[in-house]
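Reader: I'm new to this one, so please walk me through it. Start with whatever terms I'll need.

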Amino acid sequence: MSVVPRFPSMPANPFWSHDSDAAAAAVAALVAWRAELAAWLAGAERDDALSPALATVLLELVRARPSEEFRRFAYRLERMPSPEPPTDPCECLQSLLLWRAGVVDFLSDVWDTLGPAPFDIEECQRAGSLFTPIDSDGGGLCHLCLEPFAGAPSIEHFERCAVQRAWRDDGSASPRA
Ligand SMILES: [Zn+2]
């Protein structure tokens, strides 16, 4: 049985870091992860962890080339960016993490609908674990920006959350709004 690819470990407070070397290493790890995840999603080892429909959505987001049928999915799901050098590694990492946050946000509530949901909560949780850094399973991090909570998750964090701020600055609320 093949190992499920896990989202790589990230530098502490990745949105606020100005450590270019750490950011470049994290970007390289994400590029490697992307290829592993695409192969896993397309392969037989995926078994029944995810429905074919959800696996197809995730595969479209990470595959090297979109399929002919690719279109923007609901919410604000976008294909994983492929920043080109000489992009600043810190900016590059931020764009990748903003993309990740959009996927995580989608998975956190796509099942929570009034009508029939396209995906069930269990498979969304399993899919969410694919986007959770390998060393943060114990929680204690904002699921969107990966900043450690000083205490309990709070409204203060919402105000300073780099992802929430980026979405607000972008002129649109979070994808769930
Ligand atoms: Zn946050």
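Author: When I give a helix axis, it's a line fitted to C-alpha atoms over the stretch in contact, and angles run from 0 to 180 degrees between N-to-C directions. Helices (H or I, at least four residues) and strands (E, at least two) are DSSP runs, numbered from the N terminus. Residue numbers start from 1 along each chain as its sequence is written. This is a predicted model, so local features need pLDDT of at least 70 and side-chain atom pairs count only at pLDDT 80 or more, while totals for chains, interfaces and linings use all residues.

Reader: How many helices and strands does the protein have?

Author: Reading along the sequence, you get the pattern α-α-α-α-α-α. The count for the protein is therefore, by DSSP runs, six helices and zero strands.

Reader: What percentage of the 177 residues is buried?

Author: Buried takes 20 or more other C-beta atoms within 10 Å of a residue's own, exposed means 12 or fewer, and partly exposed is in between, with C-beta atoms placed from the backbone. Going by that, the buried part of the 177 residues is 28%.

Reader: And what part of the contacts with a separation of 6 or more comes from residues 24 or more positions apart?

Author: A contact means two C-beta atoms, placed from the backbone, within 7 Å. Among contacts in the protein with a separation of 6 or more, the part from residues 24 or more positions apart is 59%.

Reader: How do the residues of the contact of α1 with α3 divide?

Author: α1 passes α3 in a left-handed crossing (left-handed: the near helix is turned anticlockwise from the far one by less than a right angle; right-handed: clockwise). From α1 come S20, A23, A24, A26, V27 and L30, and from α3 come P89, C90, C92, L93 and L96. Ala, Val, Leu, Ile, Met, Phe, Trp, Tyr, Cys and Pro count as nonpolar, Asp, Glu, Lys and Arg as charged, and the others, Gly among them, as polar. The contact thus divides, going by those classes, into ten nonpolar, one polar and no charged.

Reader: What about α1 and α2: parallel or antiparallel?

Author: The axes of α1 (residues 20-42) and α2 (residues 52-62) come within 9 Å and cross at roughly 150°. α1 passes α2 in a left-handed crossing. At that angle, the pair is roughly antiparallel.

Reader: Which residues in α2 do those of α1 meet?

Author: α1 brings R34, L37, A38, L41 and A42 to this meeting, and its partners in α2 are A55, L58, L59 and V62.

Reader: And how are α3 and α4 arranged, parallel or antiparallel?

Author: α3 (residues 89-109) and α4 (residues 121-130) have axes 8 Å apart and pack at about 160°. Their crossing is left-handed, and the contact joins V104, L107 and S108 of α3 to C124, A127 and G128 of α4. By class, that contact has four nonpolar, two polar and no charged residues. As for direction, α3 and α4 are roughly antiparallel.

Reader: Within what arc do the buried residues of α6 fall?

Author: The buried residues of α6 (residues 162-169) are A162, V163 and W167. They line one face of the helix, because, seen down the axis (by directions from it to the C-beta atoms), they fall within an arc of 135°.

Reader: Is E123 buried or partly exposed?

Author: E123 sits in helix α4 and touches L50, S51 and L54, leaving out residues up to four places away in sequence. Its C-alpha is 5.5 Å from that of L50, 73 residues apart along the chain. With 18 C-beta neighbours inside 10 Å, E123 is partly exposed.

Terms used:
Angles under 35 degrees count as roughly parallel, over 145 as roughly antiparallel, 65 to 115 as roughly perpendicular and the rest as oblique.
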